[in-house]
Amino acid sequence: MSLISNLRPGGKFGIPSQESRDPIGHLVAGLNRLAQSDLLDKVGLRKQTEQAVFTVTRSGFKTLTATSRAFARSGRKDAPGTRPASAPASGVFDLTPTEDEQMLVDVVGELAGEVLRPAAAAADKECAAPDTVLKSGLEVGLPILGLPESLGGIAEERSAMAGTLVAEALAHGDMGLAVAALAPGSVATAIGLWGTEAQQQTYLPAFTGDEVPAAALALNEPTVLFDVLDPATTAVRRGDGYVLNGTKSLVARGEDAELFIVGAALEGKPVLFLLESSTPGLSIVADPGMGVRAASMTRLELTDVTVPADAVLGATDGSTYTECVRLSRLAWCALAVGTGQAVLDYVTPYVKEREAFGEPIAHRQSVAFMVANIAIELQAMRLLTYRAASRAAAGKDFGKQVALARRLCAEKGMQIGNDGVQLLGGHGFVKEHPVERWYRDLRAVGVMEGTVLV
């Protein structure tokens, strides 16, 4: 068997078995394979090899997708799909989770503390989520969290509230790994919310099986003054299908993904399209950023990508696209709350134990007030996020509520990250402590569109 054959992904963990790589892609794969060998420790080359892997990965890669798994076409194209029921609305804003929600949060919180948090620093450095983390997310049912039982999921009603609680709990471990783990389930949830019977029966069985495909939303674009509701990516009717052209950025795990939901402008309206990675004309480029690095952010370049007429997800009047953006912003608010809580939980004992001039620095009013402000702003972020999530789950309009939550979470999230670094002083600047990573991650909340939703 040739070296090139050994370096192919081989279909494991949702990576297309026929994916093609350019020379850098083969070099990265070879170095990663070499880095896993015990031989490096025996000859004393471990450090040099790991540095080479990091350097090449940081320099970027480009992948031309060839073919993904064959999604078996099924169901009626013109029939509406199964929809989750709205949560009952009591008229009282109650923040108490249901028994099932609390049980789910407890399980996910344990996953975040025992699996995500220990792996976070290495994942941030390598710009990749470990397989152990991704497998653990599958084991607790993250991909099917938003699907009703009739579609193979676990939800009895719309999952916006449960999804918000789960995203917050995961982000308490690490935001980047949370995004990587939640991305496939976001695509499954979107198909469950807006897909036709044919789309649901074609794609959702893969998400409810043992080999869940990597998948992600692609709404962001690398343009100046980008407006998510006015995408520059275009879709043009041609024959019995559509032709897509444009560039999407900050797409989680794009190199591994087999299915994307891409936003594009169709006749002046933003529309969602289902796009398989095997489609000709689609290429993927590394797009690492300042934060959320563990999610392996990539850029999709679409050049005359042709999709069939039934690739449209939901309505073509912009309403489905707008709801998708709102649910995505809600997810990012939840991620900001979870990461902000991690900052508060870390700095509180630190300022009580760190001494200066013979006493804990928490005795200084400037320090105590800063910690108190973090707690106050964090609670405000949580309340607004939960309020928007509760209305979304009940099937009510939540545009105003999610707009308020996003504005507050973007602004105060960055402030919490900055204050966390400030409270640690010099320790806040070094990677020995995780607060600098949380600060970088929290800055993403104000610029990210898409990628995950609840």
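**View A. Thr451 counts as buried, because its relative accessibility is 0% (buried means under 20% relative accessible area, exposed over 50% and partly exposed in between, with a 1.4 Å probe and protein chains only).** The model is a predicted one, in which local features need pLDDT of at least 70 and side-chain atom pairs count only at pLDDT 80 or more, whereas totals for chains, interfaces and linings use all residues. Residues are numbered from 1 along each chain as its sequence is written, and side-chain values use heavy atoms, with hydrogens and water left out. Thr451 belongs to the segment that follows α13 (helices are DSSP runs of H or I with at least four residues, strands are runs of E with at least two, and both are numbered from the N terminus). The phi angle of Thr451 is near 75°, which is a positive value in a residue other than glycine.

**View B. Helix α10 (residues 319-353) packs with helix α13 (residues 435-442) at an angle of about 155°.** The two axes are 10 Å apart (axes are lines fitted to C-alpha atoms, for helices over the stretch in contact, and angles run from 0 to 180 degrees between N-to-C directions). The helices α10 and α13 are therefore roughly antiparallel to each other (angles over 145 degrees count as roughly antiparallel, under 35 as roughly parallel, 65 to 115 as roughly perpendicular and the rest as oblique). The residues of α10 that meet α13 are Ala336, Thr339, Gly340, Ala342, Val343 and Tyr346, and their partners in α13 are Val435, Trp438 and Leu442 (contact means heavy atoms within 4.5 Å). Sorted by class, this contact of α10 with α13 holds 7 nonpolar, 2 polar and no charged residues (Ala, Val, Leu, Ile, Met, Phe, Trp, Tyr, Cys and Pro count as nonpolar, Asp, Glu, Lys and Arg as charged, and the others, Gly among them, as polar).

**View C. Helix α5 (residues 99-126) crosses α13 at roughly 70°.** The axes of α5 and α13 come within 11 Å, and the crossing angle makes α5 roughly perpendicular to α13. On the α5 side the contact is made by Arg117, Ala120, Ala121 and Asp124, and on the α13 side by Arg437, Trp438 and Arg440. The classes in this contact are 3 nonpolar, no polar and 4 charged residues.

**View D. Gln401 is a residue of helix α12 (residues 399-423).** With a relative accessibility of 18%, Gln401 counts as buried. When neighbours within four places in sequence are left aside, the residues in contact with Gln401 are Leu384, Arg387, Ala388 and Arg391.

**View E. Ala198 of helix α9 (residues 197-207) is shown with Asp310, which is 112 residues apart from Ala198 along the chain.** The C-alpha atoms of Ala198 and Asp310 are separated by 8.7 Å. Ala198 is buried, with a relative accessible area of 8%.

**View F. Ser296 is located in the loop that joins β8 (282-286) and β9 (298-308).** The phi angle of Ser296 is near 55°, again positive in a residue other than glycine.

View G. Of its 454 residues, 53% are buried. Among contacts between residues at least 6 apart in sequence, 77% join residues at least 24 apart.
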